[in-house]
Protein chains: 2
Amino acid sequence: MAHRVVILGGGFGGLYAAQALKHADIELTMVDRRNFHLFQPLLYQVATGSLSPGEIAAPLRSVLSTQANSKVLLDDAIGLDAANKKLILADVGPLPYDTLIVATGSRTSYFGNDHWEEFAPGLKTVEDATRMRHKVLFAFEEAERESDMDKRNAWLTFIVVGGGPTGVELSGALGEMANDTMRNEFDNIRPEDARILLLDGGERILSNYPESLSDAAVRSLIKLGVRTRNKVRVTGVDADGVTLRTAAGEERIHAKTILWGAGVRASEFGKILGESAGAPLDKGGRVLVSPDLTVAGHPEIFVVGDLAAMTQDGQPLPGVAPTAMQMGKYAAKVIESRLKGAAPPAPFRYFDKGSLAVIGRTAAVAYFEKFGKFKFSGPIAWLLWLFVHLMYIVEFEARVLVFIRWGFNYLTFQRGARLITGMAGKTRKPEPMGS
Amino acid sequence: MAHRVVILGGGFGGLYAAQALKHADIELTMVDRRNFHLFQPLLYQVATGSLSPGEIAAPLRSVLSTQANSKVLLDDAIGLDAANKKLILADVGPLPYDTLIVATGSRTSYFGNDHWEEFAPGLKTVEDATRMRHKVLFAFEEAERESDMDKRNAWLTFIVVGGGPTGVELSGALGEMANDTMRNEFDNIRPEDARILLLDGGERILSNYPESLSDAAVRSLIKLGVRTRNKVRVTGVDADGVTLRTAAGEERIHAKTILWGAGVRASEFGKILGESAGAPLDKGGRVLVSPDLTVAGHPEIFVVGDLAAMTQDGQPLPGVAPTAMQMGKYAAKVIESRLKGAAPPAPFRYFDKGSLAVIGRTAAVAYFEKFGKFKFSGPIAWLLWLFVHLMYIVEFEARVLVFIRWGFNYLTFQRGARLITGMAGKTRKPEPMGS
């Protein structure tokens, strides 16, 4: 019987592991509770109406259909029997494995204030993105109908929490939406009057980038009408706004739209790994992996991607797509070397190709550790970013379509995917929903 | 003060009326509870995973943004004060008009069995289509996981109720999905073994078409694995299948996926028109309009599209997009003639350009009353149908994108928008949801 590899999670880590095992003499089962791989770095484009969810998703079955050693199972992992090497699935029950690759990623963290989620959606799933899209589009519509000026201003105030790449890209896209896309479409409001605030707890936004690039990002955001505020801590979120703690004391901002880009924490399966396999977890619930990405005492269990906690040169590895991809490929390499009885590869080492964040259509900041620091602006920045991102998109069709859609958006200032859906009859309240 | 025209509903009837009034000296308000115009004839392509909702929707604000005399209001009409010429909106309250065009369309009819909706979604809204898509994709996944053969067969049985164009196009697309798109993607099932039944109550499917074309459609469906059954009446629908009354007596079919393409009824606003404006309604709740599409006794209220009931040459007008478009344009013409003090145009007359239904990628049946009857097959049929449909799509960007997406689908047998979304955590039950 062939060696059975089970991969839990079809994100970047899991999918790259599966594809790297394409020619291995194994029986591979990809387990995911969703039937598609999601290109998460572009989720904010769904949230701001530029792309449809289908355009940044690829059906897992379709992606893996040419891979003869692989099958796909749509199910939820609810437990693990590490002693007997069985993954416990909600519907199928126990699924035996010889090697398990856990790539369940991360989810939005509200730093212990989970009740904030109701008012401030995060951006990890398709449902998150369409919920954000709904909230944002709906806010402009409410403002248009509202005659009370205070209430109208609250509908036209957008708060983005978190000055990392997600928050920066999200607020930039919001600024562009208000200033370009929706300009002249309303009668009672001027969308370009929208107040967009990017709140950050640290000294500067994009703190992983060199300081000069943070400054450049701030200047680009200002051009799009986005105001950045640093060193503020969100202490309360409700239906009418946020409460902040700043150097000057407590502050209240009235806003009907609050978007959360502040933090992530480990997915739930980390806890299961801790309980069943004795995996050591860090404070955030991530699994502290060995240098070969396995769980201590369980060489047959790999953890890759956001769920894996690892430091390199004294720094924790960043929770980004390239880390997950490289980890997935590495796990595949270890498995293949074992099957061949060859020497194991050298410990995992993350190669930082650099970072790139785009701000609206006309600016981007980039940081290539190996090649120096760059700041781009204008169409060149946009094209570079486009190129880098598109090269990663898995499926040919989606890649070309996204490219074309962006081309149109760029030329026409249009956003084609501006649907407010899920409004049940007369209530029309924003609701979480899927694509 | 300029003449105030309020259009209720941004479907084909309302939008074409608005666009035909582009240069009129009026104040036009388009009221809709959704923020987008939906290209309904292509909804079945969303339901079967070929297109994303955003690709067949155009934001109303965007479509009307170049029209200086128009504004858009996102609200629900919950009443009418015809005596004082005020439309009552849920949020904004009373909205005064000088002329009102009602274009609220139709909704799915279960012929008095509304509880069937839970098990057999119709196909009128984006949420309907994504719910259908979810049900269909989920059924194949369930079948893949199911080891009990009877249950697996029930997951692989798909019932489409209604042999009109919707049912025919839907079942054809399902057949193609099972036979081509998903072939080789599963391990335990063969998607091409799916049983797809098209149930029709009449003597033949596509009863509005000439008989030879009905026969051609049946033959094309057979090639895609779809079996048509005529003269059967659905008497029961539940979570496990349908109960039928046939010439031979009662019959039960086990099926986990039932899709409803059988009938439509008037939208709720018809009743409001009856109560407030004394509009005469037909059995189905549609408004019996005067020859100039107004409500008797209320020359300032027009009803266009599916909500309007009218006969021509002894035949009721079909509830299709071209009827609505022509009615919308006609109402605009009447309004303009009144504003100019000119003679009213001749009574409304529907010009039947013909009918066209596509079955999978390789066959279509068409019927052009004025030019004879045709049956097309092969790529020519597909291209003709594509051309006819795309010419109607309102927004340039969406049109080009749909074209390209279809080109890829045609060449690659792929369906890019195959997302199962809205699965809440561990339950993964199909749920109604939006785009």
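Chain A is split into two domains by an automatic or database domain assignment: domain 1 covers 3-33 + 75-108 + 264-339, and domain 2 covers 114-262. Taken over C-alpha atoms, their centres are 35 Å apart.

This is a predicted model, in which local features need pLDDT of at least 70, side-chain atom pairs count only at pLDDT 80 or more, and totals for chains, interfaces and linings use all residues. Residues are numbered from 1 along each chain as its sequence is written, while chains are lettered from A and ligands numbered from 1 in the order in which they are written.

Now to confidence, where pLDDT is the predictor's confidence in each residue, from 0 to 100. Chain A has a mean pLDDT of 87, with 84% of its residues at 70 or more. In residues 423-435 of chain A, the pLDDT is below 50. The complex receives an ipTM of 0.77 and a pTM of 0.83 from the predictor.

Chain A holds 11 helices and 27 strands, taken as DSSP runs numbered from the N terminus (helices: H or I, at least four residues; strands: E, at least two).

Let us look at one sheet. Three strands of chain A make an open, antiparallel sheet in the order S14-S15-S16, where strands pair if DSSP finds at least two bridges between them. S14 and S16 of chain A are at the edges, each with a single partner strand, so one side of each has no neighbour in the sheet.

| Strand | Residues |
|---|---|
| S14 (chain A) | 233-238 |
| S15 (chain A) | 241-246 |
| S16 (chain A) | 249-254 |

Five bridges join S14(A) and S15(A) in the antiparallel sense, and Asp238(A) has Gly241(A) in S15(A) as its bridge partner.

Technical notes: Contact = placed C-beta atoms within 7 Å.
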